[in-house]
Amino acid sequence: MESLTSGTLAGTGSFRCEICGHVVTMTTADVLPPCPGCEGASFTRASLFGPARFTRAEPETPTPAGRLLIDAAREEIHEPGRYLIFKDTGVVRTVSMPGEAMRIGRSLSADLRFEDPTVSRRHAVLILESGGVRVLDDRSLNGVFVNGERVVSQLLNDDDEIVIGRYRLRFADLSATPAAARAEALAE
């Protein structure tokens, strides 16, 4: 029985990476590919009915080298604005906040889309307010974390870390005067 629930040759069904939790769905009997999330090779058959054999690992803390890559990406931004900077499959991505709101999730309608089972279809929303940018949890299953604490609604500061699923995003507020805007909001 163990040969049917683990190993590299797999039949149809879903298999969960034992390292990062990414789910791979197979439609024919074939060799499991490396995990798209972490490139690992250790899978367990995902089952709704069997005992839970998988515990989700905590997201890894950023290494100094990873932090340097994020800082380097921030230095490459030349236009004022608000940005999210994050690593995705080993590549650092920089995404600007379009307009006054940005939806984040797995949905095709999301402005920032993550195809990952740890991210809800409608996971979070960034909203531009007079005092800055606010992140809202959009009824996600795994929650939204800002600087390590789960939040429902939080005004973001420059360089805050937002965790959505397995993704660690750095908020970069490079608007013309982010400090002045905050001071104005506090004075009101």
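Predicted model: local features only at pLDDT ≥ 70, side-chain atom pairs only at ≥ 80, totals over all residues.
View 1. As background, side chains with opposite charges can pair up when their charged atoms come close. The views below pick out some of these pairs.

**View 2. Arg 113 meets Glu 115 in a salt bridge.** Look for the side-chain contact here, with N and O 2.8 Å apart. Glu 115 is exposed, at 52% relative accessible area. Arg 113 has a relative accessibility of 36%, so we call this residue partly exposed.

**View 3. Arg 134 and Glu 129 pair up through their side chains.** This salt bridge spans 2.9 Å from N to O. Both partners get the partly exposed label: Arg 134 comes in at 22% relative accessibility, and Glu 129 at 33%.

**View 4. Asp 138 reaches Arg 122 in a salt bridge.** The closest N and O atoms of this pair sit 3.4 Å apart. The two residues come from distant parts of the chain, 16 residues apart. Asp 138 belongs to the loop between β11 (132–137) and β12 (144–146), while Arg 122 lies in the loop between β9 (112–113) and β10 (124–129). With 46% relative accessibility, Arg 122 is partly exposed.

**View 5. Asp 138 again, now with Arg 139 in the picture.** Which residues are linked in a network of salt bridges here? They are Arg 122, Asp 138 and Arg 139.

Definitions and conventions:
Residues numbered from 1 in each chain as written. Heavy atoms only, no water. Salt bridge = Lys/Arg side-chain N within 4 Å of Asp/Glu carboxyl O. Buried < 20%, exposed > 50% of the residue type's maximum accessible area, 1.4 Å probe, protein only. Helix = DSSP H or I, 4+ residues; strand = E, 2+ residues; numbered from the N terminus.
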